[in-house]
Each structure stands twice: as C-alpha cells, then as structure tokens.
Amino acid sequence: MALLSVRNVTRRFGGIVAIDAVSLDVAKGQIVGLIGPNGAGKTTLFNVITRLYRPDSGELEFDGKSLLRTPPHRIVRRGIARTFQNVELFRTMTVLDNVLVGTHTRTRPFRSGAARERALEALDYVGIGAVANRPASGLPFGTLKRVELARALVAEPRLLLLDEPAGGLNHEEVSELGAFIRRLRDDFDLTVLLVEHHMGLVMSTAEHIHVLDFGRKIAEGTPDEVQRNPAVIEAYLGAESNEAA
Ligand SMILES: Nc1ncnc2c1ncn2[C@@H]1O[C@H](COP(=O)(O)OP(=O)(O)O)[C@@H](O)[C@H]1O
Ligand SMILES: [Mg+2]
C-alpha cells in the first residue's frame, strides 16, 4: 500500500494552474523523485501535502487516511516533515534552538534535556554539530539546509519531503548527497520524496520518479524509463530553449 497517495489534486493561483489534476503514489520505504522544469509545480505540491496550501480539488491520503482533515499544525505529528527550497529558519536563533523547534511535537517540554540531546545528536548526524550554538544568520546556505534537515529528523517523520537539498552545495557535497539520503532512509526508516534539479543526483538516488510539467504529471517510472521518455526529454529541452530565449 502507498504511504502517500495524491489523487487528482488541483491547485490554482488566480489564472495559473500550479498543479493540474496530479495523481501519484509514494510507496513506503522508497526514495521517490519529483522532477520537472522550473515552475512545474513541485514546491506547490509539497505545500499542498504539508497543508500550507489547500487544494482546490482532489484527495490526499497518508497511511490510508485523508490529510485534508488534518490541520497544517498537525501534519508533523502525523509523520510528515520537510525542508524548504529557500530555507525557512529563525535567523536570530541559534542552530540548536532552530532544531529544538522540530522536537516540540515529540518531546515536552521544549528545551528539556532530552530534547536538547536529540537535537544535538541530529546536528552531529547531519555533520554540523560544531555550529550548534551559532546564530543561524550568517551561516552558508548549504549549512542552513542541513539545519533544516536536522529539524525535520527530530520530528521523527515517516515521510520526509526534501525540496532541492543540493541547493548551495559544492560539487563534492552533491556527489556525496545521494549516498547520504539513502543512509538517512535506512537509519531512520523513512520514505523520501525528493525534489531536485540536479539530474545526476535524482537519477542515481531515486527508485521511482514522477515528472511534472506546467502543473501536469507527464510521466513516471524508474530513472531509466523517465530518461528515455520522449515527453520528458521534450519538457526539458523546451525549458532550456525558453531560458536561452
Ligand atoms: N503562492 C503563490 N502565488 C501565486 N503563484 C504561485 C504561488 N506559488 C506557486 N505559484 C505559481 O505556481 C507555479 C508552480 O510553482 P512552483 O510550485 O514553485 O514550481 P517549481 O517548484 O516546480 O519550480 C508557478 O507558475 C508559480 O509562479
Ligand atoms: Mg520549487
């Protein structure tokens, strides 16, 4: 059974159809890629799944139960955590306090010794324990992305949504990220939905891939299948020539 099931979901912004009758299943334990050119609707779909945006129509199920009756502040407790494409952190707070924000659904009281210990463990796991007491502001983008990942992990999710985790990483870090995401999935018993522009990373990390273009799902399959799919090739070539124009 699918852990996450998106059924015919549409979300409009004024005249723009950001997500157009999209359906997709994410099987438990898989690393699933969600790709598509800029503006395809990937982040909007994350925002719908995490209930930041209400869909205009369609149904969303997580673990066999509707998500649409779950208010946004309950999403994490149901087992869904995410990182943001552009990083959403409290810049004046320390790295540790930002991660502690993620523990509040699991450990009370906030800032208890147990919560701090878990937050520090998560920071070590993502490789940035050394900056725990630094304010978030001023740290490099790639480090901030790791802070968000630690914050997501301490919430003990079953489904982790990663929105462009390679953003701000150098070439070497990107090449290590795929193995890291697989280790993360295994160590934390996660299901991962991965949005990423870095094709090499998605193709080598995801076991199944869904492709969006202008809000519509145009393809799904294994990395090999989607890379050979003419509609996918066309969507990416079209996007390139638009950027060149
Ligand atoms: N809050 C919003 N208000 C208006 N338009 C939006 C909003 N969020 C997304 N969109 C539009 O929806 C479309 C899909 O955007 P997005 O989901 O960010 O794409 P992607 O993440 O695939 O690059 C774009 O045309 C974008 O401008
Ligand atoms: Mg996006």
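User: How far apart do the C-alpha centres of domain 1 and domain 2 lie?
Analyst: They lie 24 Å apart. Domain 1 covers 2–79 + 158–244, and domain 2 covers 89–156; the bounds come from an automatic or database domain assignment. This is a predicted model, where local features need pLDDT of at least 70, side-chain atom pairs count only at pLDDT 80 or more, and totals for chains, interfaces and linings use all residues. Residues are numbered from 1 along each chain as its sequence is written, with chains lettered from A and ligands numbered from 1 in the order in which they are written.

User: How many residues of domain 1 are in contact with domain 2?
Analyst: Nine, and they meet eight residues of domain 2. Contact requires C-beta atoms, placed from the backbone, within 7 Å. On the domain 1 side, helix 2 (75–78) and helix 6 (171–188) each supply at least two residues. Helices here are DSSP runs of H or I, at least four residues, and strands are E runs of at least two, numbered from the N terminus.

User: Leaving aside neighbours within four places in sequence, what is A150 in contact with?
Analyst: A150 is in contact with V99, A122, L123 and V126.

User: Which helix gives the most to the shell around ligand 1?
Analyst: Helix 1 does, with three residues. The residues surrounding ligand 1 include K42, T43 and T44; a residue is near if its C-beta atom, placed from the backbone, lies within 6 Å.

Key. Contact = placed C-beta atoms within 7 Å.
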